[in-house]
Amino acid sequence: MTSSSRKKRLKKVVRAAEALFGQPVERVSAPGGDGRASYKIHFKDQSVFATLRPNFRRTHLEAHVLRRLQPVCDLVPRCLGIEDDVLFQSDVGGNRLNVAVHEADAGKRADLAAEAVRSIFAIQAAARQTDLNQHMPRLGNSPEWIAHFVEGAGALHPFCDQPGGPLDAQSLCDRLTYAQGQFVKWDCRSGNAAIGQDGVLRWFDFEYSGLRHGAEDLAWLLGDEAWPLAPDTMLEIVRAEFDPTCGYEIEDYIDYLSHYLAFHCAQRVKLIVREANRRGWQSKADIRSYDDAGVHPEFGAQVCRVGAFFAARSPLTAGLSRDFEQVQNMFAGLLLASLQDRSA
């Protein structure tokens with residue numbers, strides 16, 4: 001986005017804010033960076049978030065979701081209104097989960113992880129009290145999408161000395177196909193949650209919401225390359241926080257989560273490699289601060305660690321687990337080389 005385009009967008013957001021709230025804007029900040037869709041609007045006595053998305057349909061879908069959830073759930077922002085396609089939401093706090101969990105000690109990390117998992121189940125349970133499960137778009141529901149998702153694991157092969165072997169693509173596609181579905185936020189990376197001044201963890205950015213199995217939201221969290229907890233620890237937390245009213249037996253739910261998460265992690269590796277080739281490796285602090293893709297060897301190794309652990313849980317994905325282990329070693333080697341260059 002050019003400088004003139006950013007200025008034009010900002011003027012539109014300020015005009016919309018002053019029109020909706022009837023008071024002058026004192027200043028505007030961009031916690032996620034100037035290139036993002038959201039701005040923090042500072043009035044004299046309050047702050048709100050304003051979101052101007054390139055696709056106005058997603059803006060209105062997000063507003064619809066927040067309005068439906070608002071009477072039954074306090075774990076999401078309040079929709080304050082839409083003015084000239086700018087969505088205004090309550091400020092849920094500046095202490096983002098991705099930073100908070102990084103700065104916490106081991107015990108606090110586990111508590112934050114449990115709260116994050118618990119809140120995802122709670123939002124989905126709240127959605128079941130509304131009509132969202134009847135009227136939201138279905139996500140990743142076509143055979144073509146699912147086949148592409150499974151085929152994406154091939155992105156690991158160029159970095160493997162001995163790839164784990166061919167996958168039973170049809171069986172995997174069958175496992176990942178669900179005719180029915182329930183509400184999912186989508187994109188539950190830890191940078192899309194914040195802890196408010198009241199100590200409550202809330203999720204934001206609902207523009208990609210829709211219907212799918214439900215475990216995809218946990219897959220986004222566990223497969224977030226900046227999420228520092230070990231995969232076996234997270235599996236224990238999922239078991240402890242599992243919502244038995246979600247419509248699935250726990251073992252079937254975790255089996256689906258494991259299959260889906262393996263391929264989700266492959267997609268994250270693909271993204272990391274692509275962005276590293278395009279932009280070079282990025283600072284971990286900047287990645288957390290701007291909620292950027294985890295373009296750092298340490299983050300790449302982490303998502304491979306998660307992918308290997310969950311892929312190993314099924315015979316259908318066991319070969320993929322070996323691929324992840326080899327790519328993890330590649331990232332670890334890049335990290336070691338980087339550290340040696342700095343000390344030279």
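Colleague: Why is phenylalanine 21 called partly exposed in this predicted model?

Modeller: Phenylalanine 21 has a relative accessible area of 21%. Buried would need a value under 20%, and exposed one over 50%, so phenylalanine 21 counts as partly exposed.

Colleague: What makes phenylalanine 88 buried?

Modeller: Its relative accessible area is 0%. The cut-off for buried is under 20%, so phenylalanine 88 belongs in that class.

Colleague: Why is the pair of phenylalanine 21 and phenylalanine 88 called edge-to-face?

Modeller: There are two steps here. The ring centres are 5.5 Å apart, and rings pair if their centres lie within 6.5 Å. The planes then meet at 80°, and an angle over 60 degrees counts as edge-to-face, so the pair gets that label.

Colleague: How do you know that this pair ties together separate parts of the chain?

Modeller: Look at where each ring sits. Phenylalanine 21 lies in helix α1, while phenylalanine 88 lies in strand β5. These parts are 67 residues apart in sequence, so the pair ties them together.

Colleague: What makes tryptophan 281 and phenylalanine 331 an aromatic pair that is edge-to-face?

Modeller: Their centres are 6.3 Å apart, and the limit for a pair is 6.5 Å. The angle between the planes is 75°, which is over 60 degrees, so this pair is edge-to-face.

Colleague: Which distant parts of the chain does the pair link?

Modeller: Tryptophan 281 is in the loop between α10 and α11, and phenylalanine 331 is in helix α13, 50 residues apart.

Colleague: Are tryptophan 281 and phenylalanine 331 buried or partly exposed?

Modeller: Tryptophan 281 has 38% relative accessible area, between the cut-offs of 20% and 50%, so it is partly exposed. Phenylalanine 331 is at 1%, under 20%, so it counts as buried.

Colleague: Let's turn to pockets. Which element gives the most to the lining of the second largest pocket?

Modeller: That is α10, with 7 residues. The pocket has a volume of about 520 Å³, and the residues closest to its centre are Trp186, Asp187, Trp220, His264 and Arg268.

Colleague: And how does its lining divide by class?

Modeller: Into 9 nonpolar, 4 polar and 7 charged residues.

Terms used
Residues numbered from 1 in each chain as written. Predicted model: local features only at pLDDT ≥ 70, side-chain atom pairs only at ≥ 80, totals over all residues. Heavy atoms only, no water. Phe/Tyr/Trp six-rings, centres within 6.5 Å; stacked < 30°, edge-to-face > 60°. Helix = DSSP H or I, 4+ residues; strand = E, 2+ residues; numbered from the N terminus. Buried < 20%, exposed > 50% of the residue type's maximum accessible area, 1.4 Å probe, protein only. 1 Å grid on protein atoms, 1.4 Å probe; cavity = no way out; pocket = protein on both sides within 12 Å on 5 of 7 lines; lining within 4 Å. Points joined across faces, edges and corners; volume = space filled by probe spheres on them. Nonpolar A, V, L, I, M, F, W, Y, C, P; charged D, E, K, R; others polar.
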